[in-house]
2 protein chains.
Amino acid sequence: MPLGFRGEGITYTARFCGVETPFYFNIKETIKTYIVHGDFDFVVSPLMFSGHSPSKDRDPEVHNLDRRLYPYAETDINVAWAQWAKAGIVVAKICPWLDLDSEDENVRTDSEAILKQQIEWASYLSLKACLLPTPKGNSCANYARCVNQILKGPKNNMQLLLRIPIGMSDNDYSPRSNASVDSWQTWNSFRVLCDHHNLLTIALDIKRVLPPENSLKRWYGEPVDAAILDTDIFLTKARGNTTYLPKRHQKLIADLLDHNKPPFRNFSSALSYEGQATDSLKYTEYERAICKALLDRVPNEKASFIVTVLVVVGAGRGSLVFASLKAAEITGRKLKVYAVEKNPQTVIALDEVIKANNWVDIVFIVTSDVRYWNAPERADILVSDLLGSFGDNELSPESLDGAQRFLEKDGISIPSSYTSFLQPLTASKSYQIAKARKYILHSESACVVKLYNVARLAPSQQVFTFTHPKWFDKESNERYKKLQFEIPKDTGSAMVHGFAGYFNMTLYKDVCLATEPSTKKPDLFSWFPMFFPLRMPIRVDRGSILEVHFWRCVDSRKVGFLFLFLHFMLLIWIALCNLKQVWYEWCVTSPSSSPIHNCNGRSCWMDL
Amino acid sequence: MPLGFRGEGITYTARFCGVETPFYFNIKETIKTYIVHGDFDFVVSPLMFSGHSPSKDRDPEVHNLDRRLYPYAETDINVAWAQWAKAGIVVAKICPWLDLDSEDENVRTDSEAILKQQIEWASYLSLKACLLPTPKGNSCANYARCVNQILKGPKNNMQLLLRIPIGMSDNDYSPRSNASVDSWQTWNSFRVLCDHHNLLTIALDIKRVLPPENSLKRWYGEPVDAAILDTDIFLTKARGNTTYLPKRHQKLIADLLDHNKPPFRNFSSALSYEGQATDSLKYTEYERAICKALLDRVPNEKASFIVTVLVVVGAGRGSLVFASLKAAEITGRKLKVYAVEKNPQTVIALDEVIKANNWVDIVFIVTSDVRYWNAPERADILVSDLLGSFGDNELSPESLDGAQRFLEKDGISIPSSYTSFLQPLTASKSYQIAKARKYILHSESACVVKLYNVARLAPSQQVFTFTHPKWFDKESNERYKKLQFEIPKDTGSAMVHGFAGYFNMTLYKDVCLATEPSTKKPDLFSWFPMFFPLRMPIRVDRGSILEVHFWRCVDSRKVGFLFLFLHFMLLIWIALCNLKQVWYEWCVTSPSSSPIHNCNGRSCWMDL
């Protein structure tokens with residue numbers, strides 16, 4: 001009963017349904033019953049009989065028979081184990097009663113020995129995963145130490161799923177279990193002790209009574225790779241034999257399936273631009289904004305003789321030119337368009353269209369950097385589409401400052417303003433990826449991402465706003481903002497791995513485009529969010545304040561280039577350029593301080 | 001008036017006395033007054049007149065005269081600045097009123113510009129240090145961001161001293177200052193934001209009313225490079241004109257001078273052994289212990305005919321052999337000594353002494369590993385000196401387990417037991433050194449150190465105990481201990497950078513040797529403490545519990561050796577050895593969790 005597509009090698013999109021079984025001596029029969037005749041994709045099964053006690057082996061009075069041999073089941077004898085092991089259809093279930101942090105030293109050392117023994121056995125059988133028992137009580141340091149040693153062992157490539165209960169039920173394995181303990185705390189302590197190892201993931205053991213919604217949401221940002229549902233949770237319809245899950249459980253499972261996608265993907269700029277050019281909602285909104293601006297600027301009685309001069313900044317393949325021409329047509333206004341574009345390759349297609357439609361007297365293509373273009377006349381309307389995923393991050397403010405020179409005093413800029421937004425995230429997989437990188441600089445780089453496998457910990461808040469045209473020329477484009485996010489009380493504690501960045505832009509008056517989740521329209525797909533990582537995740541407790549500082553820094557600096565050719569001759573060329581650079585720096589100061597990230601733009605910056 | 005020796009290039013042992021002056025236009029006169037005619041080593045002086053406001057410069061209405069020129073004093077004109085700058089006799093004092101975290105944006109941006117301008121000026125003058133003003137209020141993120149940019153700038157090598165007040169006084173510069181704020185918190189936040197940069201240090205501004213003793217002690221582990229005393233603090237004797245510092249201030253200054261020594265030094269084993277061999281207290285105590293053991297074993301009436309067999313494990317140059325012979329002489333007991341030593345070079349000197357003294361019938365040198373030595377007879381007393389700085393860390397337990405084979409059932413081991421101790425430390429300079437290392441593995445390595453520039457945050461606690469001989473052969477030498485240190489309430493918050501390790505050993509009955517500070521005798525100098533670092537420092541708040549876990553792990557593992565010779569011929573030799581290894585792992589679980597350090601002994605271990 002696969003719950004999703006199982007592609008060749010694409011295990012992350014596959015969704016499987018397994019069954020947890022008791023210990024059977026004959027694993028072949030187990031597989032036959034549940035997988036061949038049953039409808040399951042895999043079994044979670046103990047691999048050995050767990051009745052012995054290693055501490056008694058150390059007792060010299062006991063006959064020194066090698067007890068390590070006999071507790072095993074026939075896992076190694078009866079079946080072609082390589083076959084079922086490699087297919088991943090058996091997950092080893094480690095004894096649930098192990099207590100590696102017991103105050104009783106015998107229980108503790110026995111538990112250590114059995115854990116090691118069972119995992120070695122599973123590893124020998126080439127199993128892909130083991131299900132580890134829930135840590136008992138509040139303390140899990142010794143358990144984590146043993147698991148960490150296994151994870152970092154020279155040969156380990158097995159995934160270890162730690163069974164973490166959420167919610168409440170009537171019965172429980174553990175004698176020292178404390179229902180009032182937030183199981184997230186246990187998980188968090190365990191994974192920090194194991195230094196966020198990527199082979200340590202979660203099997204959520206979902207109980208009948210679920211905690212509040214916000215508390216559940218935290219898990220969407222954690223590496224949950226399995227969910228365990230007891231059959232007791234299923235309800236039976238009053239009439240008939242059909243069973244079903246309670247609504248909140250249904251939603252939780254659906255959400256977990258939805259979030260358990262591959263971690264962040266980076267998109268190259270080219271791919272992003274591709275998306276933008278075909279985003280119909282975006283250009284419809286631009287068209288609406290230009291219509292309103294034309295109507296405001298030229299009254300009906302003057303429509304026949306006033307020609308509005310419109311400059312498209314960054315014309316590219318012409319989408320904004322076409323939107324402008326369409327707006328002129330709809331409103332019946334006369335238009336003259338300068339399509340300014342610094343990249344000559346991108347306007348070839350536009351040039352063709354203009355010729356084909358006989359617009360050569362209306363649309364003028366200018367291949368120049370808008371900041372240095374010597375405009376032949378002043379513009380009534382500036383239209384641009386220069387926003388990045390975080391609004392101003394692709395230097396729209398600096399570009400439009402340059403374009404403003406040739407805008408009429410009462411001219412209109414579309415967009416007229418934009419504001420960036422930030423939101424704290426749990427994103428453990430992104431952190432694991434960043435941690436695997438060699439250099440500290442990489443773990444400070446902001447990137448454009450699709451946000452899967454994240455938990456959004458608080459509503460997003462405004463960061464930087466830019467308005468165009470700005471009437472005080474010298475106004476700096478540097479910005480500084482301090483934000484305070486309150487973590488809702490019912491969320492409980494959570495880990496912040498970084499921040500999602502969005503924006504909201506006003507094209508003209510009430511015509512807006514937004515990627516900020518609370519106002520974003522679903523069919524806008526030009527922009528993915530930005531992700532600003534933290535080098536070390538920061539833990540926030542329930543109801544606490546997360547204080548974040550963001551800076552937009554602008555500086556001009558001398559940059560040296562060195563070109564070295566070694567081909568029969570040696571040529572060294574050193575050039576000094578005066579570049580203007582823009583970058584962000586960020587840090588957290590509450591509940592604890594982080595270092596300031598991306599100091600002097602050392603990891604990521606934009607050149608002007 | 002140098003307070004200490006100023007060696008060529010050895011600036012850290014130099015202690016200087018300077019004077020803080022107001023702004024004078026003529027820096028030459030300032031130097032003449034205070035240094036040439038006065039008795040000071042350096043002046044702390046503002047370098048420019050601080051009456052201008054960069055925000056007004058941005059106002060286009062104001063005539064655009066380059067205001068950056070005129071506020072400077074004659075620092076660059078009147079004197080051969082290179083001379084006094086390089087001598088370090090001028091420290092630039094940055095405007096104290098700067099408020100880089102002001103809510104008023106003009107004040108904030110003006111402060112930023114002035115800070116940058118003044119530090120650039122000091123840097124141009126090749127000054128070695130600047131005194132930065134105390135952060136105003138609770139928030140210092142923007143101030144730290146600007147300082148961090150300067151510290152990480154491509155050309156900076158100037159030391160920036162942040163002025164941090166301790167205690168209370170009647171007047172204060174800052175309008176937003178909050179006396180109830182613990183200034184350590186401000187410092188801590190600032191340095192974490194600047195990522196523990198090694199050029200950011202502290203100028204402690206010591207006030208009249210000092211905080212509690214424990215709170216003062218925290219600073220001994222911080223990078224305090226200057227102390228500022230207001231002349232108001234000095235008292236005048238009722239009779240006469242002499243002034244003096246109050247007693248607590250005297251002690252504080254003396255302690256700061258004492259602690260401000262070079263950071264941790266590593267000692268090679270050879271140097272340590274050198275110290276041990278000449279440590280007279282140690283061998284006197286061994287002698288006392290052997291005397292007591294001989295008297296207990298052989299009653300007076302049998303002294304003339306019973307020969308006690310004594311084995312020295314690790315005889316080296318013979319100090320323990322001589323101590324044993326002396327004890328026999330004192331007690332009038334007959335002795336036969338086997339001096340077992342695996343390193344044949346070290347016993348040459350011993351052999352000479354034995355021949356010269358005609359002890360050839362009493363002392364027998366055995367060059368063998370004690371674990372594999374086939375002893376010709378059973379020993380009454382085993383004497384060894386195998387402890388490392390953390391007690392069991394040089395594998396004394398494993399060596400004595402091996403020697404125990406040939407000890408009489410009622411035989412005595414000297415030492416009869418030993419216990420290791422741990423103590424949490426603030427040791428910021430050691431962290432800066434570790435952080436500068438490229439690899440994470442280095443920052444997990446325990447090392448033997450002299451503890452300067454540290455604050456001891458709580459009394460030390462017992463960790464692992466070993467007793468010899470042990471009567472249950474199979475007893476493991478693995479250990480696990482959980483410790484809880486309570487940070488005293490009057491200490492305030494502090495940073496834990498790692499743990500000092502000591503030991504306490506019982507040689508025989510009441511004869512003990514200890515490096516644990518509360519019981520250590522001052523003239524014992526064989527061992528320096530051990531230091532177990534934390535990869536990331538952990539902040540502990542007043543009255544909180546610091547929970548630490550320590551493991552002693554023992555494992556045998558196959559280790560491969562590969563020898564490769566490339567000299568006209570290719571020889572590859574792969575050897576597989578079965579080695580037993582011992583290592584420690586450690587972590588913190590409260591107030592927050594750290595990763596488990598030194599997993600599988602990856603950074604430091606001992607081979608058997």
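**View 1. B:Glu213 is partly exposed, at 32% relative accessibility** (partly exposed lies between buried, under 20% relative accessible area, and exposed, over 50%; 1.4 Å probe, protein chains only). The model is predicted: local features need pLDDT of at least 70 and side-chain atom pairs pLDDT 80 or more, while totals for chains, interfaces and linings use all residues. Residues are numbered from 1 along each chain as written, chains are lettered from A and ligands numbered from 1 in written order, and side-chain values use heavy atoms, without hydrogens or water. B:Glu213 and B:Arg248 form a salt bridge, with 3.6 Å between the closest N and O atoms (Lys or Arg side-chain nitrogen within 4 Å of an Asp or Glu carboxyl oxygen). B:Glu213 belongs to helix α7 (residues 213–217) of chain B and B:Arg248 to helix α8 (residues 247–259) of chain B, so the bridge ties together parts 35 residues apart in sequence (DSSP runs numbered from the N terminus: helices H or I, at least four residues; strands E, at least two). B:Arg248 is also partly exposed, at 36%.

**View 2. A salt bridge joins B:Arg297 and B:Asp380**. The closest N and O atoms are 3.1 Å apart. B:Arg297 is in helix α10 (residues 280–297) of chain B and B:Asp380 in strand β13 (residues 379–384) of chain B, a separation of 83 residues. B:Arg297 is partly exposed, with a relative accessible area of 23%, whereas B:Asp380 is buried at 13%.

**View 3. The side chains of B:Asp369 and B:Arg371 meet in a salt bridge**. The N to O distance is 3.1 Å. B:Asp369 is buried, its relative accessible area being 18%.

**View 4. Salt bridges link A:Glu20, A:Lys93, A:Arg163, A:Asp205 and A:Lys207 in a network**. Over all chains, the whole structure has 64 salt bridges.

**View 5. A cluster of ring pairs in chain A includes A:Phe390, A:Tyr584, A:Phe550 and A:Trp586**. A:Phe390 and A:Tyr584 have ring centres 5.3 Å apart and planes at 85°, so they are edge-to-face. A:Phe390 lies in the loop between β13 (379–384) and α13 (396–403) of chain A and A:Tyr584 in strand β24 (residues 570–590) of chain A, so parts 194 residues apart are tied together. A:Phe390 is buried at 0%, and A:Tyr584 is buried at 4%. A:Phe550 and A:Trp586 are stacked, at 5.8 Å centre to centre and 10° between the planes. Both A:Phe550 and A:Trp586 are buried.

Conventions
Rings of Phe, Tyr and Trp (its six-membered ring) pair if their centres lie within 6.5 Å; planes under 30 degrees apart count as stacked, over 60 as edge-to-face and the rest as tilted.
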